[in-house]
Amino acid sequence: RVSTQSTWGDVPGADYANASFTQLPDFDRILAEYRSGVDVPYCLFWRQIFERYSDSKVILTIRDPEEWYNSCYDTIGKIGWHPLLDTRLPIMRRAAYTLVPMLRQLWDWEVKTHWSVWRFEDKQAAMEAYRAYQDAVRAAVPKGQLLEFSPGDGWEPLCKFLGVPVPDEPFPRVNDKAEQLANAIYIERLGMAMTVALIALVLLFLRGLRAALRTSTSQRDLKRA
């Protein structure tokens, strides 16, 4: 099973820029049926989760900062408080994030919790934030509980760290740049469909308005006659 953002909801009064939270998610409830968490939103609360479960193991995924930035920039990165302002993106992708309520909610949440916090519009600032994140994890987690891991390392170091057998199958390669770009194309097609539907609705409204005006004019002419 996979826990989604909807399991978390938003965190009232959260200051993501300073990682300061007056109220925390209910980690016990969220993790009740799970043994681990990965990516956002878990990485936004890594320190608080580790403090809550201080005997847990932490896997810090390592990538070259510039490679990380370029990959995010080309795929999932979001810049600006409104999708239409992010002129890096194809217009139909921006349309989808504007017109589809769930996608707009996702945009707003991601910009608030990490893209703006990492100053993603500034490559150097974003890479520095990435390095600072890694350094903070290294400083907080004891060495015996921390694994610095690159997916290219394969199964062995990961399984050794977790104390589990090495699977008899190739290490998976998913959620890569090609897959993210394919998802982006799907979103752009959705944006196209929503734009066409919106234009059709506007045209139907204008047609109805024109007909109503004609009817009203005709009725006034008949009264005058």
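## Pocket, cores and aromatic contacts

The lining of the second largest pocket is made up of 13 nonpolar residues, two polar and one charged; Ala, Val, Leu, Ile, Met, Phe, Trp, Tyr, Cys and Pro count as nonpolar, Asp, Glu, Lys and Arg as charged, and the others, Gly among them, as polar. The model is predicted: local features need pLDDT of at least 70 and side-chain atom pairs pLDDT 80 or more, while totals for chains, interfaces and linings use all residues. Residues are numbered from 1 along each chain as its sequence is written, and side-chain values use heavy atoms, leaving out hydrogens and water.

**Second largest pocket**

- The second largest pocket holds about 380 Å³ of space, a volume being the space filled by probe spheres set on grid points joined across faces, edges and corners.
- Of its 16 lining residues, Tyr16, Ala19, Leu44, Trp46 and Tyr133 are the closest to the centre.
- On a 1 Å grid over the protein atoms alone, a pocket is an open set of points where a 1.4 Å probe fits, with protein on both sides within 12 Å along at least five of seven lines; lining residues have an atom within 4 Å of a point.
- Helix 3 (46–52) and helix 7 each give two or more residues to this lining, and helix 7 supplies the largest share, four residues; helices are DSSP runs (H or I, at least four residues) numbered from the N terminus.

**Nonpolar cores**

- The largest nonpolar core has twelve residues, among them Val11, Phe27, Leu44 and Trp109; a core joins buried Ala, Val, Leu, Ile, Met, Phe, Trp, Tyr and Cys residues through side-chain atoms within 4.5 Å.
- A second, separate core of nine residues includes Tyr69, Ile79, Trp115 and Ala126.

**Aromatic contacts**

- There are 16 aromatic pairs in the structure, meaning rings of Phe, Tyr and Trp (its six-membered ring) with centres within 6.5 Å; planes under 30 degrees apart count as stacked, over 60 as edge-to-face and the rest as tilted.
- The ring centres of Tyr69 and Phe120 are 4.5 Å apart and their planes at 35°, so this pair is tilted.
- Tyr69 lies in helix 4 (residues 65–74) and Phe120 in the loop between helix 6 (101–115) and helix 7 (123–140), 51 residues apart.
- Tyr69 is buried at 4% relative accessible area, and Phe120 is buried at 0%; buried means under 20%, with a 1.4 Å probe and protein chains only.
- Tyr69 and Phe120 belong to one aromatic cluster with Trp68, Tyr73, Trp115, Trp118 and Tyr130.

How values were computed
Buried < 20%, exposed > 50% of the residue type's maximum accessible area, 1.4 Å probe, protein only.
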